[in-house]
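Me: I am new to this structure and would be grateful for a close look at a single part of it. Please set that part in its surroundings as well.

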Amino acid sequence: MMKKNMNLIRRGMLLSALVAVFPHAWGKPSQVMEVWKGPSCGCCQEWIDIVQKAGFKVIVHYTGNTDVRRKSGIPVELGSCHTALIAGYAIEGHVPVREIQRLLSEKPDAIGLAVPGMPIGSPGMDGVAYGNQSQSYAVLLIKKDGGTNVYQKYI
Ligand SMILES: [Cu+2]
């Protein structure tokens, strides 16, 4: 009996130690995102770094994103430099983490999100490399029929 209690206590201590070392892993399970990009796309990599820092686990495919975009049902005019898949949604282009997290919590009936083109000032297209410039852009919710709603505007 005594020994069993000691084991439980030890196990508890081990768990607390693990939580202290890996708070991320314990707080919220990191979600796996797969990203398709061209091998030399630098702004894609900048975006991936941002998403990883936000806690997403990212698997990168360096095969370009044309195929996965088409298979996801994203209209080509909404296209950008990289396409990601997460939790059954497609994320096209330089979509901010904030809207990805909102999508994952609201779970709308939709294909996913897109920031068409590569607007200056969007995550991965921002900072000193772009003279700290930014242009206004919108994050679009892509509906199942390919139509869009403005999900978030950035001015
Ligand atoms: Cu880009």
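Is N132 buried or exposed, and how many other C-beta atoms lie within 10 Å?

Reply: The model is a predicted one. In it, N132 is exposed, because 10 other C-beta atoms lie within 10 Å and a residue counts as exposed at 12 or fewer. N132 is placed in the loop between strand 5 and strand 6. Its backbone has a positive phi of about 55°, although N132 is not a glycine.

Strand 6 itself is mostly covered, with 5 of its 7 residues buried.

Strand 6 also pairs with strand 7; these two run antiparallel and are joined by 6 bridges. One of the pairings here sets V139 against its bridge partner Q152 in strand 7. The hairpin of strand 6 and strand 7 has 4 residues between the strands, and G146 in this hairpin takes a positive phi near 90°. G147 lies in the loop between strand 6 (137-143) and strand 7 (148-154). G147 is exposed, as 11 other C-beta atoms lie within 10 Å. P75 is 72 residues away from G147 in sequence, yet the two are 8.6 Å apart in space, C-alpha to C-alpha.

A87 lies in the loop between strand 3 and strand 4. A87 is not a glycine, but has a positive phi of about 50°. A87 counts as exposed because it has 12 C-beta neighbours inside 10 Å.

These pairings belong to a wider arrangement. An open sheet of 7 strands has the order 2-1-3-4-5-6-7, with mixed pairing. Strand 2 (57-61) and strand 7 stand at the edges with a single partner strand each, so one side of each is left without a neighbour in the sheet. On average, neighbouring strands of this sheet are turned by 20° against each other, direction ignored. Helix 5 lies across strand 4, strand 5, strand 6 and strand 7, and runs at about 170° to strand 5. Helix 3 lies across strand 1, strand 2 and strand 3, at about 160° to strand 2.

The interior can be described next. Nonpolar side chains tend to be buried together in soluble globular proteins. The largest nonpolar core here has 32 residues, of which I91, L113, A114, L140 and I142 touch the most other members. Two or more residues of this core come from each of strand 1 (32-37), helix 3 (42-53), strand 3 (82-86), strand 4 (89-93), helix 5 (97-106), strand 5 and strand 6. Leaving aside residues up to four places away in sequence, I91 touches A84, I86, I100, G112 and L113.

For the chain as a whole, there are 5 helices and 7 strands. Along the sequence they follow the pattern α-α-β-α-β-α-β-β-α-β-β-β. Of the 155 residues in the chain, 31% are buried. Among contacts with a separation of 6 or more, 54% are between residues 24 or more positions apart.

Conventions: Residues numbered from 1 in each chain as written. Predicted model: local features only at pLDDT ≥ 70, side-chain atom pairs only at ≥ 80, totals over all residues. Buried ≥ 20, exposed ≤ 12 C-beta atoms within 10 Å, placed from the backbone. Pairing = 2+ DSSP bridges. Core = buried A, V, L, I, M, F, W, Y, C linked by C-beta atoms within 7 Å. Contact = placed C-beta atoms within 7 Å. Axes fitted to C-alpha atoms, helices over the stretch in contact; angles between N-to-C directions.
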